[in-house]
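Q: Please take a close look at one part of this structure, the pairing of charged side chains. Then place that part in the wider fold, in one connected answer.

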Amino acid sequence: MLFDFSIESDLFKTLLLGFCCLVSQGCRHIGPSTIRDDRIPYNEAIADSWKQQTLLNLVRLRYGDLPEFIDVSSVVNGFERGRTANGAIGMDLFPNASLDNGLLLGAGGTQTFIDRPTISYLPQANSEFVRHLVEPLMPIAILNLIESGAPANIVLELTVESINGIRNRGFTGEFQEGDPEFQEVVRIFKKAQDSGQTSLRITQGSDSKNPDVLFGIRDSEISSELNEELDYMRRLLRLDPDQKDFKIVFGMLPQKNNEIAFRTRNIIRIMNYLSLNVEVPLCHLEDGRAEDYGVVNTDQGTSFMVHSGCEPPSDCFTCVQYQGHWFWIDHRDAFSKRALSHLKVLLALVDTKQKEGAPVLTIRAN
């Protein structure tokens, strides 16, 4: 019996080329492409989840609930790609007359791609972290934040309980009205910051661990309008009208007329202060789930504000669901967005403990 081994050369080349390409794919690297695909989505996911967690804690405090913090300590993404290829060649002993030849060729393969992200969560519930939450912020940390460019009016309104005895509004179990002079002092601080005619200077004091912080006013090239505003601030704070440098101290009242005493808040009081402007649904006020303080300020752009409703908003900065209602910060509310951002920085300042080592992971490369 004679067998026909002749085949179409183009068909054979095509099958052989496809088989070689399938096998060669197993040698290509997949790591670089995953960086482009995954880095930004993970960044956005962590940032969005932090905003949601912080907003949820503010809403919890407004309802008298306990806040809880969980940190994303590490993200490890492992990829695995597997391929198999096979080929076959055979001969038909009884070829069909309709076929050109009796030689059979075949090629096949399979491919698998596995994405194994390992995300580690760290509850912030240890005694050191809680202790830092209830410790007042140091004035130098607040002023360094202002000196770095953070708006003075937002930072001072959040972090300071009083300046030289002039009280900010706050919450101590019940709403506390602030002195009108406080907003005037904060306004002038912001104007002086924008002008660049004031600065902070750190000098070596008697205690090497706690250097002196000086608030200085420049004499030269200052406008008459700003000079009048700064003189007005000196009178409000009962400072020496001829003094240009003022020492920043911690406390309720200064001991000298060349000192500015900052009585600062801790993180929990800052969050309680912000939670005052969480808009609580009327039904929750009526059934006693949350107390009615009657202090929600709806003046957009001048106060922190959290809105609420039965349906989630179509466009917002961040939103969470709690007690069957939705709470959110408006995308157009610049003051509230900045306040939440500065709260993140303040939380980082108090979280000074050494991070626990992440678990040792062995990731298969391929």
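A: Arg234 counts as buried, because its relative accessibility is 3%. This is a predicted model. The side chain of Arg234 meets that of Asp231 in a salt bridge, with an N to O distance of 2.6 Å. Asp231 counts as partly exposed, since its relative accessibility is 26%. Both residues lie in helix H7 (residues 224-236); they are three residues apart, so about one helical turn separates them. Side chains of opposite charge can pair when their charged atoms come close.

Lys51 is buried, because its relative accessibility is 16% and the cut-off for buried is under 20%. Asp48 has a relative accessible area of 39%, so this residue is partly exposed.

A further salt bridge joins the side chains of Asp287 and Arg289 at 3.1 Å, N to O. Here Asp287 is partly exposed, with a relative accessible area of 46%, and Arg289 is likewise partly exposed, at 40% relative accessibility. Salt bridges also link Glu184, Arg187, Lys191, Glu225 and Glu229 in a network. The count of salt bridges comes to 11.

The surface also carries a nonpolar patch, formed by Ile46, Ile70, Val75, Ile119 and Tyr121, with about 420 Å² of accessible area together. Strand S1 (70-91) and strand S2 (103-123) are the elements that give two or more residues to this patch. Val75 lies in S1 and is partly exposed, with a relative accessible area of 35%. Ile119 lies in S2 and is also partly exposed, with a relative accessible area of 36%. Leaving aside residues up to four places away in sequence, Val75 touches Tyr42, Ile46, Thr118 and Ile119.

Elsewhere, six strands make an open sheet with mixed pairing, in the order S4-S3-S10-S9-S8-S7. Strand S4 (166-167) and strand S7 (198-203) are its edge strands, each pairing on one side only. Strand S9 (residues 245-250) runs parallel to strand S10 (residues 259-264), and four bridges join them; Phe250 stands opposite Phe262 in S10. Strand S8 (residues 212-217) pairs with S9 in the antiparallel sense, also over four bridges, and Phe215 has Phe246 in S9 as its bridge partner.

Helix H4 (residues 139-147) has Pro139, Ile142, Leu143, Leu145 and Ile146 as its buried residues. Seen down the axis of H4, these fall within an arc of 155 degrees, so they line one face of the helix. Gly149 follows H4 and has a positive phi, near 120 degrees.

For the protein as a whole, there are 10 helices and 13 strands. Of its 366 residues, 37% are buried. The accessible surface comes to about 21,200 Å², and carbon and sulfur atoms account for 53% of it. Among contacts with a separation of 6 or more, 66% are between residues 24 or more positions apart.

Key:
Residues are numbered from 1 along each chain as its sequence is written. This is a predicted model: local features need pLDDT of at least 70, side-chain atom pairs count only at pLDDT 80 or more; totals for chains, interfaces and linings use all residues. Side-chain values use heavy atoms; hydrogens and water are left out. Buried means under 20% relative accessible area, exposed over 50%, partly exposed in between (1.4 Å probe, protein chains only). The arc is that of the directions from the helix axis to the C-beta atoms. Patches are made of residues with over 30% relative accessible area and no salt bridge: like charges are joined within 9 Å, nonpolar side chains (Val, Leu, Ile, Met, Phe, Trp, Tyr) within 5 Å. Accessible areas come from the Shrake-Rupley method with a 1.4 Å probe; for residues, only the protein chains shown count as cover. A salt bridge is a side-chain nitrogen of Lys or Arg within 4 Å of a carboxyl oxygen of Asp or Glu. Two strands pair if DSSP finds at least two bridges between them. Contact means heavy atoms within 4.5 Å.
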